[in-house]
Amino acid sequence: GLNFIDLMVRQGNIDNPPKTPLVPGFECSGIVEALGDSVKGFEIGDRVMAFVNYNAWAEVVCTPVEFVYKIPADMSFSEAAAFPMNFVTAYMMLFEVANLREGMSVLVHSAGGGVGQAVAQLCSTVPNVTVFGTASSFKHEAIKDSVTHLFDRNADYVQEVKRISTDGVDIVLDCLCGENTGKGLSLLKPLGTYILYGSSNMVTGETKSFFSFAKSWWQVEKVNPIKLYEENKVIAGFSLLNLLFKQNRGSLIKGVMDKLLNLYTNKKIKPVVDSLWALEEVKEAMQRIHDRGNIGKLILDVEKAPTPLVS
C-alpha cells in the first residue's frame, strides 16, 4: 500500500528518518513463504496482510507475527494491501480516541483519500452520524454519496459547516495541519475532539523546503490550555506507526483488526482501491498521491508489468 506518510519519509519530513539506503512502505499483503520456529496460528501458503516497519515495497517481506493477519476468503490481495493502515487509523480515531456515538457529526479533510473513505464508511456503521468532508472538486462526483456534506478543499469550509450546523461538529480529523488547526478547533462543539493525525501540507514541492514546512507551523495558533478548559474541548494526536512500532500496542491493534474484518465480512465496509502500479512506476504513483489525484488507495503490485508509455 502507498500512503501519504511514504511521501513524508521520502522528503525527510518525519521525526528520525531512517538512514538510506532503505526500502519504504508500511503495509502489504501476500502469501506466507516461511515461518519462525515458534510461530503458531499460521501455515505456509496462508493469504495474509501485515504491517511492516519499513521494507513493505518488496517481493519478500519479513515482519513479526503480531503484525500479521489472515485475509478473509472473499478479499483480494489488492484490497488487503489497502486495508490495514487506512481502516485501523480511521477506527482508532473515531472509536478509541473520539468515542463516536449515534447522532454525532464529523469533519474529515481529504475525504477522497484512503483514510477519508475509511472514515466515511465507518461513520455509516453508526446511526445518524453526519459527515462533513473536504476534497478537490474533481472528486466530488465520485465520492458525493459517501459523505453527508461535501465542500471544495479550497473553499471556506468553516463558514459552510457553520451554515449547516451553527454550533459546529463533535469530531474534527485533521491530516493537513498548518492553519487548519485553528479552524478545526474553532468548529468544535463543547466536549468535541480535534485529532491531528498527519501533516500532508508539509509535503510541498518535489524538493523538501524547510521554510515552507516551518511557515505552515508559524500559522498555527498557539493552543491555550486555559481556553481548552473554558471551552470544554479535547485536542489529541494519533500516529498508528508509533503505536505499533514504538509503543508496543500490537495486541490492541489486533483487537481492532478483528472488529474491522468482522465489519468487512458483514459487507459494512470495503477498501476503495484507486489503482495498481508496477514497482518500477513508484515515482508516477507517488506523484498521483502528491497531486491528490487519487480516490482511495494506490497499490504497488509486484506482479504487474509497467504500463508502456504512449508516444
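How many residue pairs are in polar contact between domain 1 and domain 2? The count is 5 residue pairs, both residues being at pLDDT 80 or more, where a polar contact is a pair of N or O atoms within 3.5 Å, of which, within protein, one must be able to donate a hydrogen and the other to accept it, and residues adjacent in sequence count only if both atoms are side-chain atoms.

## Basis of the description

This is a predicted model, in which local features need pLDDT of at least 70 and side-chain atom pairs count only at pLDDT 80 or more, while totals for chains, interfaces and linings use all residues. Residues are numbered from 1 along each chain as its sequence is written, and side-chain values use heavy atoms, with hydrogens and water left out.

The chain is assigned domain 1 (4-83 + 248-300) and domain 2 (87-242), with bounds that come from an automatic or database domain assignment. Their centres, taken over C-alpha atoms, are separated by 24 Å, and the contact (heavy atoms within 4.5 Å) takes 30 residues from domain 1 and 30 residues from domain 2.

About 2700 Å² is buried between domain 1 and domain 2, with carbon and sulfur atoms giving 65% of that area; buried area is the accessible area (1.4 Å probe) that two parts lose on being put together, summed over both. In domain 1, the residues that lose the most area to domain 2 are Q11, R292 and I295, together 24% of what that side buries. Between the domains there are 0 salt bridges, a salt bridge being a side-chain nitrogen of Lys or Arg within 4 Å of a carboxyl oxygen of Asp or Glu.

On the side of domain 1 that touches domain 2, α1, α11 and α12 each supply at least two residues, and α11 gives the most, with 7 residues. Helices (H or I, at least four residues) and strands (E, at least two) are DSSP runs, numbered from the N terminus.

Helix α11 (residues 250-265) includes I253, which counts as buried because its relative accessibility is 0%, buried meaning under 20% relative accessible area (1.4 Å probe, protein chains only). Leaving aside neighbours within four places in sequence, I253 is in contact with F51, Y69, V88, M92, L240, L243 and L244.

## Helix α12

In helix α12 (residues 282-290), the residues A285, M286, I289 and H290 are buried. They lie on the same side of α12, because they cover an arc of only 145 degrees around the axis, the arc being that of the directions from the helix axis to the C-beta atoms. The buried residues of α12 pack against α1 (4-11), β10 (273-277) and β11 (297-300), and R292, which follows α12, has a positive phi, near 55 degrees.

Note on methods: Buried < 20%, exposed > 50% of the residue type's maximum accessible area, 1.4 Å probe, protein only.
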